[in-house]
Amino acid sequence: MIEIKDISKNFGKLWALKNVNLSCNKGECIALIGPNGCGKTTLIKSILGMVVPTSGKIFFNGEDIANNFLYRNNIGYMPQIGRYPENMTIGHIVKMIKQIRNSDKALDEDLLNEFDLPSLYEKRMRTLSGGTTQKVSATLAFLFNPDVLILDEPTAGLDPLASEILKEKIIKEKEKGKLILITSHLLSELDDLVTEIIFIQEGNVEFHKTKGMLMEHTGEHKIAKAIANVLKGGAGEQNN
Amino acid sequence: MNRIIKYVILDIVKNKMVIAYTILLAILCFSAFSLEDSSTKGVLTVQSIILLTVPLVSIIFATIYLYNSNEFIELLLSQPVQRRKIWVSLFIGLAMSLLAAFLLAAGVPLFLYAPLNLALVMIMIGSLITVIFVALACLCAMLTRDKAKGIGLAILIWLFFALLFDGLLLFFLVQFSDYPIEKPLIFMASLSPIDLSRILMQLHMDVSAMMGYTGAIFKNFFGNVTGFVIALLLLILWIVVPFWISLRKFIRKDL
């Protein structure tokens, strides 16, 4: 579904991505893992067209995304830090996005109702707490029933109740056969979500494995421990 | 596209700056005509308002607004919206709301007090100046990511065209007064939208005689229809070129 071919991106002297090649398919739930500043968000933003790669190409359903924008109809994106026009209310934002998308697909208002956002519709974005802003971002990402969900640190800042709601929603969408890309530092949360793991370090993809393969390789049962194992040993091979 | 323009305009109207600008400009223009005893003097006062206040407010307000729309732009970019469309909509929304403010505040008194053809020329040039400085604001906002630097640049651009350029022109005039510099002078004047506008307005005001020898040259050049059309085209170029550069930069920008 998403093919990333040889993309590199530099910000001045800093190379955020170096010749990244990836392919992501329908029905997968992929965790992007890596230390801070390793290029996860840059990768995600490149897929969204918010960052223009220095070189390389990205294909969405076989079509090159450069100078294309319609493919974003199929993507729901939840940013790490949602930034919204400060003077608009939640209601305005939801209404505006609905009008801009102008989609005739059925709307998925599960999260909207479960987070009880309609009762906050009159609140202005600048008065919202970080957690509530995250709820708005999550709702907008899921609202249009997209085929691909890109979630950048989805549960950071959410209270346990809300993050549980979101996790259940992610699992529900995964079972519908959607492609889901998640970045997170809370590895324990990913255990029951993901099917594949991509580990990025300093702009390079260190590995792209299914969860089963990784577990087998490292002999661990939790993603967190498996990753720690990989990091410590340089590679799991030497340990086992 | 229309939907985004609508949101931009609604947002600008809600932001009371434009309303304050309309009221201020209206007070200035009405008082210019009611305080002066002849309408010619009133028109001259309105002319300097158009040449100083209008570009200042247009460029500063538009620059600040563009920097403050960063979140709005980011939000739209993750939606299926063309990049070009976002920037063009912002530009049109800004230009339309500032134009409306100008037409309301300066257009009404001009039509009421000034001779019709002069009023028309002044309104047209004032409108062009508004749009030119919104386009320059787009350029400022794209040249640097830092808001403070961007606003500083906007002020500098205004200062340069509104005050410094005239000084340079005068310096040039005095230094080279022994040479036939009329043609280069026409060329130099066209390098500044404000000077170009001033010449165009004064030619229609019957005060070009006050501009002396150079005035006569300008009258020769800009006074006929061809000159007027060339000057208008130059002013339109002042809109197209800065905006086009900013659009190119926006399409390649990382957010």
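Guide: Let's begin with strand E3 of chain A, residues 29-33, where 5 of 5 residues are buried. Buried means 20 or more other C-beta atoms within 10 Å of the residue's own, exposed means 12 or fewer, and partly exposed lies in between, with C-beta atoms placed from the backbone. Helices (H or I, at least four residues) and strands (E, at least two) are DSSP runs, numbered from the N terminus.

Visitor: Before going on, what should I know about the model and the numbering?

Guide: This is a predicted model: local features need pLDDT of at least 70, side-chain atom pairs count only at pLDDT 80 or more, and totals for chains, interfaces and linings use all residues. Residues are numbered from 1 along each chain as its sequence is written, while chains are lettered from A and ligands numbered from 1 in the order in which they are written.

Visitor: Back to E3(A). Which residues sit on each of its faces?

Guide: Cys29(A), Ala31(A) and Ile33(A) are on one side. Ile30(A) and Leu32(A) are on the other. Both faces are covered.

Visitor: Which strands does E3(A) pair with?

Guide: Strand E8 of chain A, residues 179-183, pairs with E3(A) in the parallel sense over 4 bridges. There, Cys29(A) has Ile180(A) as its bridge partner. Strand E9 of chain A, residues 196-201, also pairs with E3(A) in the parallel sense, over 4 bridges. Ile30(A) is bridged to Glu196(A) in E9(A). Pairing here takes at least two DSSP bridges between two strands.

Visitor: What is the strand order in the open sheet of chain A?

Guide: The order is E2-E1-E4-E5, 4 strands with antiparallel pairing. E2 (14-24) and E5 (63-64) are at the edges with a single partner strand each, so one side of each has no neighbour in the sheet. E1 (residues 2-11) and E4 (residues 55-60) of chain A share 5 antiparallel bridges. Ile2(A) is bridged to Phe60(A) in E4(A).

Visitor: New topic. Which non-glycine residues have a positive phi?

Guide: Glu153(A) is one, at about 50 degrees. Glu153(A) lies in the loop between strand E7 (148-152) and helix H5 (160-175) of chain A. Glu202(A) is another, at about 45 degrees. Its loop runs between E9 and strand E10 (204-210) of chain A.

Visitor: Now the core. How many residues are in the largest nonpolar one?

Guide: 145 residues. A nonpolar core is a set of buried Ala, Val, Leu, Ile, Met, Phe, Trp, Tyr and Cys residues joined through C-beta atoms within 7 Å. Those with the most contacts inside this core are Ile150(A), Ile132(B), Val134(B), Ala137(B) and Cys138(B). Helix H6 of chain B, residues 116-143, gives the largest share of the core, 17 residues.

Visitor: What does Ile150(A) touch?

Guide: Leaving out residues up to four places away in sequence, Ile150(A) touches Ile44(A), Ile47(A), Leu48(A), Ile75(A), Tyr77(A) and Leu181(A). Contact means C-beta atoms, placed from the backbone, within 7 Å.

Visitor: How many residues does each chain put into the contact?

Guide: Chain A and chain B each give 18 residues. On the chain A side, H2(A) gives the most, with 5 residues. That side divides into 12 nonpolar, 3 polar and 3 charged residues. Ala, Val, Leu, Ile, Met, Phe, Trp, Tyr, Cys and Pro count as nonpolar, Asp, Glu, Lys and Arg as charged, and the others, Gly among them, as polar.

Visitor: Which residues of H1(B) are buried?

Guide: Ile4(B), Tyr7(B), Val8(B) and Ile12(B). Asn2(B) and Lys14(B) are exposed on the face turned away.

Visitor: What covers that buried side?

Guide: The cover includes helix H2 (90-101) of chain A, along with H2 (17-35), H3 (39-68) and H5 (83-113) of chain B.

Visitor: And what covers the buried residues of H4(B)?

Guide: H2 of chain A and H5 of chain B are included. The buried residues in H4(B), residues 70-77, are Phe72(B), Ile73(B), Leu75(B), Leu76(B) and Leu77(B).

Technical notes:
Contact = placed C-beta atoms within 7 Å.
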